[in-house]
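Here is a set of questions and answers for reading a protein model. Keep the structure in view while working through them.

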Amino acid sequence: MPGTSQQETLWKKLNEFQIEIPSWGFANTGTRFGKFIQPAAATTAEEKLSDAGQVHKFTGCCPTVAVHVLWDFPQGLASTAQVKSLADKYGVRVGSINPNVFQDQEYKYGSLGNPDPQIRKNALQHILDCVEIGKQTGSRDVSLWFGDGSNYPGTANIRHRRQWFEEGLKETHAHLSPQQRMLVEYKPFEPAFYHTDIADWGMALLLARAAGPRARVLVDTGHHYQAQNIEQIVTWLLSENILGGFHFNDRRYADDDLTIASIDPYQVFRIFHEIAYFEWETGARADIAYMIDQSHNLKGKIEEMIQTAVTAQEMYAKAALVDHAALARHQEKCELIDAEECLKQAFATDVRPMLREWRRSKGLAEDPLAAFRQSGYLERIARERGEKNKSAVASYA
Ligand code: PSV
Ligand code: MN
């Protein structure tokens, strides 16, 4: 058990920290230039949930799985009971519900922002089905991302589309149960390359406010322009009490969906630090859904997910070590070097021994990745799924 008060704080933080993993992180994915198929990749919702169960079993901090309805619910709403019982079977719970209104042909010119009222209605109906799925699975969040936008100047009425979004999101909010929330995710470009209907945190905030009190903003770390100060956005959303959740991933160029902290660990640390500092100052727990949104194209999918969860814990733990009282004093007096050193000191601390101790106390393996590798699960699923995945290559070629 931890002795000093700093250790106790850290322990408490680790007990609280959970991060949701996405079902789509276990499936074969790629870029628009092609997919590299892995023999162990999950090919069904059941396989995704089984893999997610392994991640939670070895890390102890990933009890929920975000689902993408079009990809994981073959019969839509009618698949709900089955997906829920599969999650139970593999020791996880269904987490945030992600509607998919970007893939079908009818969404070529948009979903809730489409000039065709019938297509807007269809998109809304799918989202409302997702709200219903969330009620049945007991999930709190319906997580909304839209590919809507346009590719060429002058081709879309941006004001009308904003209005249609406001209407669709208000309608969605009206169907939420008191336990549910809706999260509005923003993204500046891709798949649309001229304008995106919900391009940044300001637009997401205004739409969430218009929708109603249980709407919040979702920050996907990959959805910003280069050099944007994401932790500042986080502090503003916290101050406005409208930060609902994160999609964590890292990137070097655009929305690369790389492993969390693989390119810029200090960035994730700074985000966690601003949240911890807010909590220290206000005495309130920030009610935030931490989620991963990564595309595991080249690394082994389950291994990358375990690496991700462990790294997220490390960054979260480092941020918990910042001496907030000292930082506040140094900021007050504009003692720049001392203030900055408060962050650097915490960031430089090796929290891994402490994490090993925390895992031991929970009956978990000290090294989740090594324990998973020793379990034989990967070899087994590669054998079982190998043929199916081979034919995926054939059908792709
Ligand atoms: C879009 O880039 C996004 O970040 C949204 O969250 C989607 O739901 C997810 O990726 C998966 O495509
Ligand atoms: Mn995302």
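The questions below concern a predicted model.

Q: Is Glu47 buried or exposed?
A: Glu47 lies in helix α2, which spans residues 45–59. Its relative accessibility is 13%. Buried means under 20%, so Glu47 counts as buried.

Q: Which residues is Glu47 in contact with, leaving aside its neighbours within four places in sequence?
A: Contact means heavy atoms within 4.5 Å. With those neighbours left aside, the residues in contact with Glu47 are Ala41, Ala42, Arg385 and Lys388.

Q: How many aromatic pairs are there?
A: Rings of Phe, Tyr and Trp pair if their centres lie within 6.5 Å. By this rule the count of aromatic pairs is 22.

Q: What kind of aromatic pair do Phe248 and Phe272 form?
A: A pair of aromatic rings is described by the distance of the centres and the angle of the planes. For Phe248 and Phe272 the centres are 5.3 Å apart and the planes are at 55°. Planes under 30 degrees apart count as stacked and over 60 as edge-to-face, with the rest tilted, so the pair of Phe248 and Phe272 is tilted.

Q: How many residues apart are Phe248 and Phe272?
A: Phe248 is in strand β11 (residues 243–248), and Phe272 is in helix α9 (residues 265–282). The pair links distant parts of the chain, and the separation is 24 residues.

Q: What kind of aromatic pair do Phe272 and Tyr316 form?
A: Phe272 is buried, with a relative accessible area of 1%. The rings of Phe272 and Tyr316 are 5.1 Å apart, centre to centre, with 85° between the planes. An angle over 60 degrees counts as edge-to-face, so the pair of Phe272 and Tyr316 is edge-to-face.

Q: Where does Tyr316 lie?
A: Tyr316 counts as buried because its relative accessibility is 5%. Its pair with Phe272 links distant parts of the chain, 44 residues apart. Phe272 is in helix α9, and Tyr316 is in helix α10 (residues 301–320).

Q: Which residue lies over the face of Trp164?
A: The distance from the ring centre of Trp164 is 4.1 Å. The residue over that face is Arg120.

Q: How much of the area that ligand 1 exposes when taken alone does the protein bury?
A: A polar side-chain atom of His68 lies 2.9 Å from an oxygen atom of ligand 1, and one of Asp293 lies 2.8 Å from an oxygen atom of ligand 1. Taken alone, ligand 1 exposes 310 Å². The part of this area that the protein buries is 88%.

Methods. Residues are numbered from 1 along each chain as its sequence is written. Chains are lettered from A and ligands numbered from 1 in the order in which they are written. This is a predicted model: local features need pLDDT of at least 70, side-chain atom pairs count only at pLDDT 80 or more; totals for chains, interfaces and linings use all residues. Side-chain values use heavy atoms; hydrogens and water are left out. Helices (H or I, at least four residues) and strands (E, at least two) are DSSP runs, numbered from the N terminus. Buried means under 20% relative accessible area, exposed over 50%, partly exposed in between (1.4 Å probe, protein chains only). Rings of Phe, Tyr and Trp (its six-membered ring) pair if their centres lie within 6.5 Å; planes under 30 degrees apart count as stacked, over 60 as edge-to-face and the rest as tilted. A charge sits over a ring if NZ of Lys or CZ of Arg is within 6 Å of the ring centre and within 35 degrees of the ring normal. A polar contact is a pair of N or O atoms within 3.5 Å; within protein, one must be able to donate a hydrogen and the other to accept it, and residues adjacent in sequence count only if both atoms are side-chain atoms. Accessible areas come from the Shrake-Rupley method with a 1.4 Å probe; for residues, only the protein chains shown count as cover.
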